[in-house]
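Colleague: Could we go through this model together, one question at a time?

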Amino acid sequence: MSAAPDASGVVLHERRGSVTTIAITNAINRPAQKNAVDHEGAVQLAAVVGRGHTDP
C-alpha cells in the first residue's frame, strides 16, 4: 500500500487491476474520541474515494 501523494500517511491505498484497497492507519485508534476519524483522515479518504469517480 502507498500513501496518497499529498497525504501524511493517514489513508493508504493500493490499486490492483480494477480493485482499490483503502486502509485508514491507526488515526482512528482513538478510544477517547470513540475511534472517530479526524478531519485530516476524512479529507484524505474523500480524496482517494473521489478518484474512483474519474477513473474508469
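Colleague: Is Gln44 buried or exposed?

Modeller: This is a predicted model, in which local features need pLDDT of at least 70 and side-chain atom pairs count only at pLDDT 80 or more, while totals for chains, interfaces and linings use all residues. Residues are numbered from 1 along each chain as its sequence is written, and side-chain values use heavy atoms, with hydrogens and water left out. Buried means under 20% relative accessible area, exposed over 50% and partly exposed in between, with a 1.4 Å probe and protein chains only. Because its relative accessibility is 9%, Gln44 counts as buried.

Colleague: Which backbone atom does the side chain of Gln44 reach?

Modeller: Gln44 belongs to helix 1, residues 39-54, where helices are DSSP runs of H or I with at least four residues and strands are runs of E with at least two, numbered from the N terminus. The C-alpha atoms of Gln44 and Val11 are separated by 6.0 Å, although these residues stand 33 residues apart along the chain. At 3.4 Å, the side chain of Gln44 reaches the backbone nitrogen of Val10.

Colleague: In what order do the elements of the protein chain run from the N terminus on?

Modeller: The secondary structure of the protein chain comes to one helix and three strands. Read from the N terminus on, the order is β-β-β-α.

Colleague: Which element gives the most to the lining of the largest pocket?

Modeller: A pocket is an open set of points on a 1 Å grid over the protein atoms alone, with protein on both sides within 12 Å along at least five of seven lines, and lining residues have an atom within 4 Å of a point. The lining of the largest pocket includes His13, Arg15, Val48, Arg51 and Gly52. Strand 2 (11-16) and helix 1 are the elements that give two or more residues to this lining. With three residues, the element that gives the most is helix 1.

Colleague: What share of the residues in the protein chain is buried?

Modeller: The protein chain has 56 residues, and the share concerns those that count as buried. Buried residues make up 16%.

How values were computed: Polar contact = N/O pair within 3.5 Å; in protein donor to acceptor, adjacent residues only side chain to side chain. 1 Å grid on protein atoms, 1.4 Å probe; cavity = no way out; pocket = protein on both sides within 12 Å on 5 of 7 lines; lining within 4 Å.
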